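Reader: I'm new to this one. Can you put it on screen and walk me through some details?

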Amino acid sequence: MIEMNDTFLVSISTFFYFFGALVFFAAFVFQKRSMQNAAILFVVGGFSIETAAIIIRWAFSYQMGFGHAPLSNLYESLVFFSWSVVVILFATWKRHRNDIIGTLASFFAFILLAYASLSGNVTTQIQPLIPALQSNWLISHVVSSFLAYACFAISFITSILYLIRVRAGRRIERILPDYDVFDDLGYRITSIGFVLLSLGIITGAVWADTAWGRYWGWDPKETWSLITWMIYGAYIHARLARGWKGTSMALISIIGFIAVIFTYLGVNYILSGLHSYM
Amino acid sequence: MMRKIYKYTASVRLTIFLFFTLAATSVFGTLVTQGLPGEHYEKIYGPGMVSFLDFFEITDMYHSWWFMLLLFLLAVNITACTIRTLPGTLRGMSRKNRDLEETVTRLWPIQYVCESAYPVETMEQKLTLLAGRLTGKPTIIREGEERRIYSEGGAYSRLGAPVVHISILLVLAGGLIGSIMGFSGRMTIIEGEMSSIALLFPGDKEEKLPFSVKCDGFAVQFYDNGMPKEYRSDITIIDEGEPVASESIRVNDPFTYRGFKLCQASYGIAEASDFKISVTEEKSATTSICTLNLMKKVPLPGSDKSFAVARFVPDLQGLGPAVMAVILAPGAPHDIFWIPSGLHQAQGTKRQGYTFKIEGFTARYYTGLQVGKDPGVPLVWAGFVLILGGFAMILFKSHRRLWMKITPVSEGSRVEVAAKTDRKDGSSFEKSITQKFNKLCKYD
Ligand code: HEM
C-alpha cells in the first residue's frame, strides 16, 4: 500500500499527460489521424489514473480518521485543477477534434501536476481539515470554481491560437485553417465557465455567511474572484449584445485568465487573506 | 440630448465600461490593506500619499463614495436596459401562434423542401405530431388545399437574461439594505461571564444588544499533528433576565437569535493560574515539578535561591503562551527571563544551571464571537437562486420556431420547411429536422 499510494499514481498520470501532449503535437505536425487517436488514448489513460488517485486519496483520509474530499490544500487543488482541464478538453473533443488544442491542454494539465509533485513548497501530505474548511459547502464551492478555471484555461488557449493565426496570417493557413473555430469554441467554453464561476462565487458567499457571519467581506480572494467575474461578464455582453468577435474577444479572454491565475495563486503568494490554501 | 443620455444609460456599451472600470479599480483595494487605523498608513506610505489615499477613501475603498457611485450606475444601467427591452420581449412571447408571412420565414436559416407520396391530409396529421414533438403546440391554417403549420417552443428562455439582470438588482438591493440597516461587530466574553456589548466594525463604537450572551465554557481541540480541529463556545442567551437558550457555537455552525447571528471568530486566554513548571537541575539531573501562581515565590530546588512567575502572556511573538519568570537570589539583581510553552519549546529554557519547562497551567479562556444582523440577506439569497434559475433558462432551453407548408402535388404532397433557433442550440435542431423529414419523404 505504501508503494501504490495516490501521489505515486499522480506521478504516473503526469507522464501520461506529457506523452499525450507530445503525440498530439506530432499529430498536429504530421496531420495524422492515427496519431491523434494514440494521443487521446494517452490522455484518457492519464485521466483514469488521476481519477483513481483522487478516489484513493479520499479513501485514505477516511482511514486516517478525518475523512474529507481531497480538495483542501494547494496540492489537492492543483491535482483537481489538472483533472478539470482534461474534463473540459474531453468536452471540446466531442465538438472539434483539434490537435493543437489537445496539445496545449494536455501540456497545461502536465504543468499543473509537475508543479504539484516537484515544487518544494507544495506539501503532498493528507492533512485534516481546519475548522473553517469543515463545511458541506467545500465540495460544491471548490468543484464549481475549478471547473470554471478549467473552462477559462481552454478559452485562453483558443484565444492565443486565434491571435497567432490572425497575426501570422496566410503563412500558417495550411496548418491552422479553421481559426473561426477558435473564436466560436472559446466563446462557448467561456460562457459555461462564467456560469460555473457564478456558481462558485455564490456557494462561496453562502459558506462565508455560515463561517464568518457575512456573505461578502471584500477579502482579497473574494475581490479577485469578482474582478475575474466582471471581466468575463464584459466578455459575454460584448459578444451577446454588441456582436464583438475575434481579436478583441481573444484579448479579454487572455486578461480574464491572468485574473484567474491571480485569484488562484497570486492572492495567496502576494496578498494576505482568509483563504488559506497554503 | 435627453434621448442620447437615456440611450447611453440603457446601453450595453455602458455595461461593458462599468464592468471594466469596477474590475480595474477593485484591484487597488486588494493592494492596499483595507480598514487599518490611520497611523498604519502614515507609516507605510508617508503623509503626502496618505492625503491622496484619504481623498479617494482607498483605505476603505469598497465603501467609498465613488465605488458606491459606480455600483449605483450599474443598477441604473440594468434598470434602464430592462425597461427598454423587456416589454418587447414579453410582446414577442405573447404573440405566439400566428400566421407568418412567407417572406419572413424564407429568411430563416434552416430551409428544407421535400416531396412525399402521402396525401395532404395524412401529411398534415403527421406533421402536426412532429411539430408538437420538436417545438410546442402547433397552429394549423387551412386555405383550400394548402396547409400551414406554425409552432414555437422554449420562448421563455428569452426571459433568462432579464431574470439574471433583475436578480443582480436584488443582490445589489440586499447589499444596500445590509449596509444601511445591518450591523456587524465582535463580542469578547470570558468563560463564566456575560456580556451584551458588541464592538462595531469598522472603528470601535459600542452597541448594546437587546439580550445578553453568557459564555459557559470555551474549548479548543487539536488533531494529533497539532492542527486545530474544533473551536467551541458553549453559550447561554439571557433575555430579560431569563436564560432562554443554550447552544454550542462552532466555526461553520453559528447560532441565530432574534435575527442576530453569532459566529465563532477567535479565542484567547484571559487568565492563567496554577502553572506547573518542571525544574531540572543540570548537575544532578534531578527534576522536580513546582506549582506556582503569579507573584508567589517558591524555593529553587537544591539552592538558596527562589523563583517566581511574574507575568503570563497568551502569545509570545507567535510561540504560544509564555510566562515571565524571575530568579531571586540574596544579594544579586533579579534575573528575569521568558519561558515559552508549546510545540517550539520542547527542550525547555536554560538559566543559571537549570532547565525550566512549562508542563501545564489552568487557563481561563475568552471567546471572540462575531455578531451580526443583516436584514438584506433574504434578498441576496433570492437573487442568487434567481440568477442560477436565469442561467438554467438560458443554457438548457432554446427558443425554437418551426414553420411548414403542405401543398398537393400530382402524386402526394410537397412540404416546405423553415426553422429558426438560438445560436446556443447549435446544429442539433437542424439535424433532427433533416432526419425526421428524410424519413417521412423516403416513403414511396
Ligand atoms: C452584473 C451583471 C449584469 C449586468 C450589470 C448586466 C447588464 C446588462 C445591460 C445594462 C444590458 C443592456 C440591455 C440590452 O441592450 O438589452 C445587458 C444586456 C444583456 N445581458 Fe446583461 N447584465 C449582467 C449579467 C448578465 C448575465 C449573467 C447574462 C447572461 C449570460 C446577461 C445577458 C445579457 C444579454 C443576453 C444581453 C443582451 C440583451 C439584448 O440585447 O437584447 N447579462 N446586460
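**Salt bridges, iron and domains**

Author: Arg351(B) has a relative accessible area of 31%, so this residue counts as partly exposed. Buried means under 20% relative accessible area, exposed over 50%, and partly exposed in between (1.4 Å probe, protein chains only).

Reader: What should I know about the model and the numbering?

Author: This is a predicted model: local features need pLDDT of at least 70, side-chain atom pairs count only at pLDDT 80 or more, and totals for chains, interfaces and linings use all residues. Residues are numbered from 1 along each chain as its sequence is written, chains are lettered from A and ligands numbered from 1 in the order in which they are written, and side-chain values use heavy atoms, without hydrogens and water.

Reader: Back to Arg351(B). Which side chain does Arg351(B) meet in a salt bridge?

Author: The partner is Asp335(B), at 2.8 Å from N to O. A salt bridge is a side-chain nitrogen of Lys or Arg within 4 Å of a carboxyl oxygen of Asp or Glu. Arg351(B) sits in strand S16 (residues 349-351) of chain B and Asp335(B) in strand S15 (residues 335-340) of chain B, so the pair ties together parts 16 residues apart in sequence. Helices (H or I, at least four residues) and strands (E, at least two) are DSSP runs, numbered from the N terminus.

Reader: Is Asp335(B) buried or exposed?

Author: Buried, because its relative accessible area is 13%. In chain B there is also a network of salt bridges with shared partners, joining Glu102(B), Arg106(B), Glu115(B), Lys405(B), Arg414(B) and Glu416(B).

Reader: How many salt bridges over all chains?

Author: The count is 26. One of them, in chain A, pairs Asp6(A) with Arg57(A), at 2.8 Å from N to O. This pair links distant parts of the chain: Asp6(A) is in helix H1 (residues 6-30) and Arg57(A) in helix H2 (residues 33-63), 51 residues apart. Both Asp6(A) and Arg57(A) are buried.

Reader: What about Arg148(B) and Glu143(B)?

Author: They form a salt bridge too, with the closest N and O atoms 3.2 Å apart. Arg148(B) is buried at 9% relative accessibility. Glu143(B) is partly exposed at 48%.

Reader: New topic. What coordinates the iron atom of the ligand?

Author: His237(A) and His165(B) do, each through NE2, at 1.9 Å. Donors are N, O and S atoms within 2.8 Å of the metal (3.2 Å for Na, K and Ca); water is not among the atoms, so sites may look incomplete. His237(A) lies in helix H7 (residues 220-240) of chain A and His165(B) in helix H7 (residues 160-181) of chain B, so the pair joins two chains.

Reader: Is His165(B) buried or partly exposed?

Author: Partly exposed, because its relative accessibility is 22%.

Reader: Now the domains. Where are they in chain A?

Author: Domain 1 covers 1-129 and domain 2 covers 132-278. These bounds come from an automatic or database domain assignment. The C-alpha centres of the two domains of chain A lie 20 Å apart. Their contact (heavy atoms within 4.5 Å) takes 28 residues from domain 1 and 30 residues from domain 2.
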